[in-house]
Amino acid sequence: MDFKTDRVFMDMAQGVKNAVTKVRLKSQLVEDTAERYGLSINDNVEELMRECYKKELSKEYLVHGAILTCTNCTNKDVTVCVDGKNFVYHAKKNSDIRAEYINEYDEQKVYGKLEVEENFDASVEGRAYATTQDCVVNKNIPYFGNCLSNPYSIEEKLVFRNNHLEGKENKSACAEGSCKYLMKLNEGWENYDIDVDFFSFVDDECGRVSGITMTSMLFCRHGGFIYPVTSGQRIEEIVQYVTAEQLNDLQWVNVTPWMVAELNRVLCKYDITTTERIRHFLAQCMKETNKGSWLREGEYKQWNSQQEYEDYFNNNTKYKYLYRGAGYIQMTWDYSYLAFATYMIKQESGISEIVWKSPANEAEGFEERYKIAVEKAEAAGMNVDSFKKIVSEGADYVAEEFAWEAAGYDWYVKGLNSIVDGLVPGKKGEADAVTSVVNRYTPQDSYADRRDYYEETIEVIK
C-alpha cells in the first residue's frame, strides 16, 4: 500500500471517529444542561439548550484573537520513535497568552490565538469576525505544542524520518513540537447543530460564510479537535471585577453565574473598571432594581391583571407601557430604545457608516437613524432580529436579554465614568452627583437610599 492510499484510509477512519465524537459531544451537552437545570430525561432539554445558546450567540462569535486549544495537545515532552530510535519533541508555547485570560486554565495544555487578518468589512472593535472557512494551518490556526497521538500513517512517519535523516537528532525540528508535523485539519469549522440561524459574515476570500461561535469545533484528521476557550471579543473577558460572593454580601437577589458573567462583561465593555466606578454603578443599580428584585418598571406593584398593569402606564405616563423603565439602570422613553438598538447594531455589525447619536445630546432623528441602521445591517447579510426586538418588544425584551447591557450603555451615554472620576473617593454624599445624572427626577428619599447603597459598596468592593 502506497502512502497516498494509506493516508486516504487513515483519514476515512479518523473521519468516522470525528463523527462519533460529534454525536457524543452533543449528547454530553444535553446531559450537562439537564443536570445544570435539574431536568429529567422527559423534559425538553434540547429546547432549553437551544434557547440558552440563542441568548448568548451575538456575544460569543469568534473574532481575531480568540484563544483556542486542542483536545489532543500537551505542553509536556513527547517521544517519537523513528526507525527504532527515540527523539524527544518539546512543546512550543505561545508567550502572548496569559493564564488569567482563560477560565479553567489547564496547565498541561497549549493555547494559541485564532488569526483573522482579512474579513475587516465585518468586525467588532477593530477585530475581524471569523468564519467557518478560517481554518488554514499556520495562517488562521496555530500549532499546539505536542500531540498526544504518535504518527501512525506511512506519510506521517515519512515526515519524521525526513526530520531525522540518518537517525540524527534535529534540535530545531524537535523544538517546534510534534503538532506541527501531524496537524491535518478538516476543510471548515463545524457549528453545533441547535437549529438556529448563525450570523454570516463576508469572508474576503470565500464570500458570505457562516460565523463561528464558542460552540464551534474544528476537527483534526490526526485525532482530536480544536475548540475556543475565549471569543476574542474582549481580551479581559474573564477578569472578575465583581464576584457572586460580593453581590451576595451586598444582599443582591437572583444572582446566577450567567448574571455575574454578564455584569463583568458589561463592566469591561464600558470601562467601569475602577473601584469607585464600580461602587457607584452598583449603588445606582441597587436602587433602580431593589438589588436585582425587579428589572422592569412597575414589577414592584401587585396588579390585579396584566391588563391593569398595561393600562396604568398607557394612561398615566407619556412613555407608555412599551417603553417603561427596563434594565439594571432603567432605560425609559421610545427615543432611548431606538438609540440603544441603533448603537447595538452599529457595534455588532462593525458597519462604520451607521450613524448613532447619544440621546443625551440629540433631540430628534432617532427613528430614522434606527431604520437606516437596520437596512444597512440586513443588506450586509446580518440577522439583527434580536436588536429589532429592543424597539418592537420594548421593556420586557430588554429586561430579559439586555438588562446589564442597557445599564452599561446608559452609564456610557451619560458620561458617568468621568463624573465619578472627579468625585472624592469614599465620601457618601458624592453619590448625589451620580444620582442627579442617572435619574434627575427621582425624589429626595431616593437620593438618600442611593447614598446608603454607595456606603454599603465601600465595605464590599475594595
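Predicted model: local features only at pLDDT ≥ 70, side-chain atom pairs only at ≥ 80, totals over all residues.
## Overall make-up

The protein chain holds 17 helices and twelve strands. It has 462 residues, and 50% of them count as buried.

Taking the contacts with a separation of 6 or more, 70% are between residues 24 or more positions apart.

In soluble globular proteins, nonpolar side chains tend to be buried together. Here the largest nonpolar core has 69 residues, and W252, F281, L282, I390 and W404 have the most contacts inside it. Helix α10 gives this core its largest share, eight residues.

Apart from its neighbours within four places in sequence, W404 is in contact with W252, M259, E262, L263, V266, F281, C285 and Y328. Two of these partners, W252 and F281, are also listed among the core residues with the most contacts.

## The enclosed cavity

Rolling a probe the size of a water molecule over the atoms shows where empty space is left. Over the whole structure, the search finds one cavity of 30 Å³ or more. The largest cavity has a volume of about 110 Å³. It is lined by 13 residues, and those closest to its centre are C70, C147, C179, M183 and C220.

Two elements, β8 (146-147) and α5 (179-182), each supply at least two residues of this lining. By class, the lining of the largest cavity consists of ten nonpolar and three polar residues, with no charged ones.

## Y181 in helix α5

Helix α5 also contains Y181. This residue counts as buried because its relative accessible area, 18%, is under the 20% cut-off. Y181 and V159 are 22 residues apart along the chain, yet their C-alpha atoms are separated by 7.0 Å. V159 is also one of the contact partners of Y181; leaving aside neighbours within four places in sequence, the others are Y89, F160, N163, A173 and E176.

## The second largest pocket

The second largest pocket contains about 1,000 Å³ of space. Its lining is made up of 29 residues, with Q330, T332, V438, N439 and Y441 nearest the centre. The elements that give two or more residues to this lining are α8 (275-289), α10 (334-349), α14 (403-413), α16 (431-438) and α17 (444-460). The lining of this pocket has 14 nonpolar, eight polar and seven charged residues.

## Q284 in helix α8

Helix α8, which contributes to the pocket lining, contains Q284. Is Q284 buried or exposed? Q284 counts as buried, because its relative accessibility is 0%.

Beyond its neighbours within four places in sequence, Q284 is in contact with I329, W411, A431, V434, T435, V438 and R450. One of these partners, V438, is among the residues nearest the centre of the second largest pocket.

Methods. Residues numbered from 1 in each chain as written. Heavy atoms only, no water. Helix = DSSP H or I, 4+ residues; strand = E, 2+ residues; numbered from the N terminus. Buried < 20%, exposed > 50% of the residue type's maximum accessible area, 1.4 Å probe, protein only. Contact = heavy atoms within 4.5 Å. 1 Å grid on protein atoms, 1.4 Å probe; cavity = no way out; pocket = protein on both sides within 12 Å on 5 of 7 lines; lining within 4 Å. Points joined across faces, edges and corners; volume = space filled by probe spheres on them. Nonpolar A, V, L, I, M, F, W, Y, C, P; charged D, E, K, R; others polar. Core = buried A, V, L, I, M, F, W, Y, C linked by side-chain atoms within 4.5 Å.
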